[in-house]
Amino acid sequence: MESGVKDNRGFFRRMLRDPDVRRADLVFASGAPHVDYLLLAVIAILVLLGSLMVFSASFAYAEYRYGDSYYFIGRQIIWVIVSGAVMFCAARLTPVLYRHLAVPLYGIVIALLLAVLVIGSIGNGAQRWISLGPITIQPSEIAKTSLVLILARYYSVFEERALEIRSKPRMLLWGTLIPFGFIGCFCVLVMLQKHLSGIIILGAIGLSVMFVSGISLRYLGYFTGACATGVTCLALFTDYTKKRITTWLNPELYPLEGGWQTLQGLMAIGSGGFFGLGFGNSRLKYSYVSEPANDMIFTIICEETGFLGALLIMALFAVFIWRGIRIGMAQEDTFSRLAAIGITVKVAIQVLLNICVVTNTIPNTGISLPFFSYGGSSMIMLLFEMGILLSISRTSVLKK
């Protein structure tokens, strides 16, 4: 028993201790190489295109609801400026600092997820947000970033134990069970918020980082199957998810119970044709497509820019994903490699799921399109992640 206590104490000490962070030259990257300019250019283009589409998709709804067609784009520009400053500052710091902050950030997010259940504000039948005056925080968004960092930190500290092939029980415990505990803790708290898409994204992010870490694929496969089974049962036996699945299968039979959004979104995608109707010329954003500047913004993109425009945006995301994974694979440091790939995979998963939702490939659930969907706190968190990725890219430049 005493040895177990000592081992646990050693575990927490090793997770928290990071002596390198005390060296100022490792915290601030003032003399470090430049960031990856191609990645920075792709991020800038995506943010610019996203802001343009927020204006085009939102001005009719903004005029109708607030009497000001610039209501959403005005706020979005402010958030982009603030988020850009956050990204710039984040890119100036080194991965050493993010490795050091991973554990306290995980604890803060746990506290926020618990706070949502007590003081969270309710919207669209779910309690997922914390209102702080004019600012609304969704802790599950912060949890995605935190999960990437805590898993990257964990495997950087306990990599030898996690990959010790000579002892299968040891490899199972350190390589799979403990990391799965980090993921499960977040997923349970998000489940209590009735946020199925959040559970799916968190699970996919966590399993992706575990896969890249190099742990046993057999054990990972067992846990992936268990996760998929759990999510499926949750979807099939929970009232709010069963309703969405029923609507997804037959949206035309439930036009007033969720089917309307799907049907109008599909109509917008189809009416864009090959070349689109032109920027600003969407017809279905006039009170037909709900949430035109948020979760359903891709349908307006398709309507106004057509197949070519949608293909261009998907190509930009493909370049971003390729560059992010390449930056991660160029790292010798375990934390930097897993953090870079985890952040890139997180964006890729959200893009894929958003497009699948708006094309009715999967049941409709609230998933925003990175860089394009309107939102303040989500934009700040996204560009903060981009700052971390750009920070990590500095060390990959050294190796080229």
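Me: Which residues make the nonpolar surface patch of about 630 Å²?
Reply: This is a predicted model, where local features need pLDDT of at least 70, side-chain atom pairs count only at pLDDT 80 or more, and totals for chains, interfaces and linings use all residues. Residues are numbered from 1 along each chain as its sequence is written, and side-chain values use heavy atoms, leaving out hydrogens and water. A patch takes residues with over 30% relative accessible area and no salt bridge, joining like charges within 9 Å and nonpolar side chains (Val, Leu, Ile, Met, Phe, Trp, Tyr) within 5 Å; areas are Shrake-Rupley values with a 1.4 Å probe, and for residues only the protein chains shown count as cover. Here the members are Leu114, Leu117, Val118, Ile119, Val188, Met191 and Leu192.

Me: Which element gives the largest share of the nonpolar patch?
Reply: Two helices, α5 (95–119) and α8 (168–191), each give two or more residues to the patch. Helices here are DSSP runs (H or I, at least four residues; strands are E, at least two), numbered from the N terminus. The largest share, four residues, comes from α5.

Me: Is Leu117 buried or partly exposed?
Reply: Leu117 lies in helix α5. Buried means under 20% relative accessible area, exposed over 50%, and partly exposed in between (1.4 Å probe, protein chains only). Leu117 has 32% relative accessibility, so it counts as partly exposed.

Me: How are the rings of Tyr66 and Tyr71 arranged, and why?
Reply: Rings of Phe, Tyr and Trp (its six-membered ring) pair if their centres lie within 6.5 Å; planes under 30 degrees apart are stacked, over 60 edge-to-face, and the rest tilted. The structure holds 20 such aromatic pairs. Tyr66 and Tyr71 have ring centres 3.8 Å apart and planes at 10°, so this pair is stacked.

Me: What kind of aromatic pair do Tyr106 and Phe182 form?
Reply: Their ring centres are 5.4 Å apart, with 90° between the planes. The pair links distant parts of the chain, Tyr106 in helix α5 and Phe182 in helix α8, 76 residues apart. Both are buried, and the pair is edge-to-face.

Me: Which salt bridge partner does Arg323 have?
Reply: A salt bridge is a side-chain nitrogen of Lys or Arg within 4 Å of a carboxyl oxygen of Asp or Glu, and the structure holds five. Arg323 sits in helix α13 (residues 297–329), while its partner, 287 residues away, is in the loop between α2 (24–27) and α3 (37–66). Arg323 counts as buried because its relative accessibility is 10%. At 2.8 Å, N to O, the partner is Asp36.

Me: Which residues does Met381 contact beyond its neighbours within four places in sequence?
Reply: Met381 is in helix α15 (residues 376–398), and its 14% relative accessibility is why it counts as buried. Its C-alpha atom is 7.9 Å from that of Ser83, 298 residues apart along the chain. Taking contact as heavy atoms within 4.5 Å, Met381 touches Ile142 and Thr145.
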